[in-house]
Amino acid sequence: MSVWLHILREMGFRKLNALFLLLGLAMAVTVVIASQLLAEADERETRRVTRDMGFNLRLIPVKTDLGQFYRDGFSRHAMDVSMLDRLATQLTNNVSFNHLVGSLRREYTINGQDILLVGLSDTYVAPGQGKKKMGFEIEKGTIHIGSQVALVQEKKKNDTMHVGVRRFAVANDPIETGTPDDITIFARLEDAQSVLGLAGKINEIEAIDCLCLTADQDPLAILRKEIGGILPEVQVVQQRTLADARAKQRQTREKVNQFVLPSVLVAGAIWVALLAVFNVRDRRQEIGILRALGKGGGRIAVLFLGKAALLGLVAALIGAALGTWAVLEFGPSLFPVTKKAIQANWPLAAQLIVATPVFAALASFIPAMLAVSHDPAETLRED
Amino acid sequence: MIRCDEVTKIFRKNGSEVTSLDRFTAEVAEGEFVAVRGPSGCGKTTLLLTLGGMQRPSAGSVQLGGRDLYALSPAERAGLRSSEIGFVFQMFHLVPYLDLLGNVLLACPGKPSAEVRRRAGRLLDELGLAGRASHRPGELSAGERQRLAVARALLNRPKLILADEPTGNLDPENAAEVIRHLAEFHRGGGTVVLVTHGASADTHADRTLRLDQGQLKS
């Protein structure tokens with residue numbers, strides 16, 4: 001009788017043992033694949049959420065008086081826009097900052113209303129990361145206005161509005177934010193430079209730090225050293241509360257992900273090993289008679305390891321299908337912002353289909369060795 | 001066929017020693033039917049397992065067909081058991097999830113050929129189990145189970161059958177039937193060592209050895 005037929009007959013006879021083994025492994029594979037897919041979705045979601053928290057680094061001219069900066073919300077000193085380009089050329093995966101936007105901010109008066117005029121450059125991101133740009137894109141010839149500006153100037157979306165001598169179309173539906181954005185007009189950088197008569201100038205570079213270190217880990221020292229090495233003409237201000245929240249969010253996610261996979265693997269291994277031990281105990285007499293019939297230790301080991309591997313293969317197929325289905329079905333409600341990015345991970349499923357039988361066989365190895373080393377005479381004497 | 005020289009087997013249990021076989025010396029000739037009798041716990045099963053290469057003695061030697069059984073490697077002993085020895089146990093020791101044919105074929109080393117399968121079918125037929133080849137041991141009576149165990153022991157045409165109380169769980173009718181099959185194997189030139197505490201096999205045995213507290217008494 002072939003060893004596989006032997007294994008199948010035994011599984012058919014001890015259905016509960018086989019069923020529990022199958023369920024345990026299938027559940028483990030389901031959790032592994034689901035947690036991995038969810039971790040990927042969670043990472044995307046976290047990136048988006050933290051990105052949407054806004055910039056947390058402000059690089060301002062080194063001569064800026066911080067008292068004035070915090071009081072007015074912008075630096076009265078200007079720097080050349082080429083500094084933005086200089087910093088942007090250093091953007092790689094190895095630096096601790098990303099998403100660079102040059103801006104020019106100044107107070108301005110329109111029809112007697114004091115407002116803040118902000119010109120924004122394009123966003124620079126590290127190449128090859130496929131990251132979406134932060135914030136909103138400002139089309140040429142358009143501006144985005146705050147709710148108070150809209151109220152006082154009596155403007156709404158698609159209206160035209162003069163800023164200085166230039167005429168722009170209002171591109172947004174102004175909504176109240178409860179922030180200085182309500183009295184701000186956002187324009188393209190070159191438009192703001194033109195209106196303010198500061199061609200080629202910016203007074204700030206905004207960025208996001210990628211260190212994701214909490215405040216107690218002192219990320220600012222690292223950032224100042226790194227950015228100061230490239231642009232000694234700027235001073236680095238970090239919006240620590242924002243940076244800290246972002247770091248904590250990402251660190252928490254990473255910790256959860258680091259905990260789930262090993263826990264599932266350990267629990268799965270213990271479950272398989274325990275069931276294999278019970279199976280060996282149940283089959284002591286059978287092992288004894290197989291020995292008496294001249295079957296070697298290899299054949300006996302294969303009966304146990306083969307069973308685990310066979311069930312591991314079936315469990316992997318079930319678990320991969322179930323885990324993928326569960327994530328595709330329920331993932332979008334968990335991660336609404338990035339739901340379109342939730343997809344099946346077939347290479348991971350294929351890896352699990354190969355790895356699970358090996359894992360199950362390894363977890364059954366000690367019980368199988370117990371079976372092989374069991375003294376058959378002891379069992380056969382137990383009449 | 002078998003030669004035991006001063007075979008001693010001592011078990012250590014809970015810090016004390018129990019001598020199961022005590023300098024047992026005997027010979028069994030090829031084609032002989034030997035009954036080993038003695039009370040429960042006198043070392044009969046230990047003797048049988050030792051003769052079958054399943055249990056290394058603490059001292060002494062066992063020779064089977066001129067080969068020192070315990071000088072062989074475990075794999076060589078397993079090969080010898082598979083090709084030359086058939087076992088029959090009191091508790092049958094059948095594999096519960098295999099059908100009758102599967103249980104008999106379990107004795108076959110490697111994949112059974114068509115000839116071996118035919119032979120297994122014939123054995124089931126001869127032992128009155130024809131038509132039940134697809135049943136499982138759990139569906140058989142005690143007598144049928146023991147006949148199945150005999151069929152398994154006979155599959156590889158062994159030279160020697162070691163039977164441990166094969167009639168211990170059977171009614172007199174079934175016991176006589178099993179002994180009859182062992183006697184038939186003996187008449188065909190096979191060697192039988194049958195350990196029992198009853199006298200049912202004495203009429204078929206060429207010789208009876210008496211074992212008491214691990215020692216040969218006659």
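These notes cover strands, a cavity and aromatic contacts in a predicted model.

1. Conventions. The model is predicted: local features need pLDDT of at least 70, side-chain atom pairs count only at pLDDT 80 or more, and totals for chains, interfaces and linings use all residues. Residues are numbered from 1 along each chain as its sequence is written, chains are lettered from A and ligands numbered from 1 in the order in which they are written, and side-chain values use heavy atoms, with hydrogens and water left out.

2. Sheet in chain B. Four strands form an open sheet in the order 2-1-4-5, with antiparallel pairing. Strand 2 (16–28) and strand 5 (67–68) of chain B are at the edges with a single partner strand each, so one side of each has no neighbour in the sheet. Strands are DSSP runs of E, at least two residues; helices are runs of H or I, at least four. Pairing requires at least two DSSP bridges. Five bridges link strand 1 (residues 2–13) and strand 4 (residues 59–64) of chain B. In that pair, C4(B) stands opposite V62(B).

3. Strand 11 of chain A. Five of the five residues of this strand (residues 234–238) are buried, so the rest of the structure largely encloses it. Buried means under 20% relative accessible area, exposed over 50%, partly exposed in between (1.4 Å probe, protein chains only). V234(A), V236(A) and Q238(A) point one way; Q235(A) and V237(A) point the other. Strand 1 (residues 57–61) of chain A runs antiparallel to strand 11 of chain A, joined by five bridges. R58(A) is opposite V237(A).

4. Largest cavity. A cavity is a set of points on a 1 Å grid over the protein atoms alone where a 1.4 Å probe fits but cannot get out; lining residues have an atom within 4 Å of a point. The largest has a volume of about 80 Å³. Of its 14 lining residues, the closest to the centre are S82(B), I85(B), G86(B), A153(B) and N156(B). Helix 2 of chain B gives the largest share, four residues.

5. Aromatic pairs. Ring centres must lie within 6.5 Å; planes under 30 degrees apart count as stacked, over 60 as edge-to-face and the rest as tilted. There are five pairs over all chains. W325(A) and F330(A) are edge-to-face, at 5.7 Å centre to centre and 80° between the planes. W325(A) is partly exposed at 47%, as is F330(A) at 45%. F87(B) and F89(B) are stacked, at 5.5 Å and 5°. F87(B) is buried at 3%, and F89(B) is buried at 1%.

Key: 1 Å grid on protein atoms, 1.4 Å probe; cavity = no way out; pocket = protein on both sides within 12 Å on 5 of 7 lines; lining within 4 Å. Points joined across faces, edges and corners; volume = space filled by probe spheres on them. Phe/Tyr/Trp six-rings, centres within 6.5 Å; stacked < 30°, edge-to-face > 60°.
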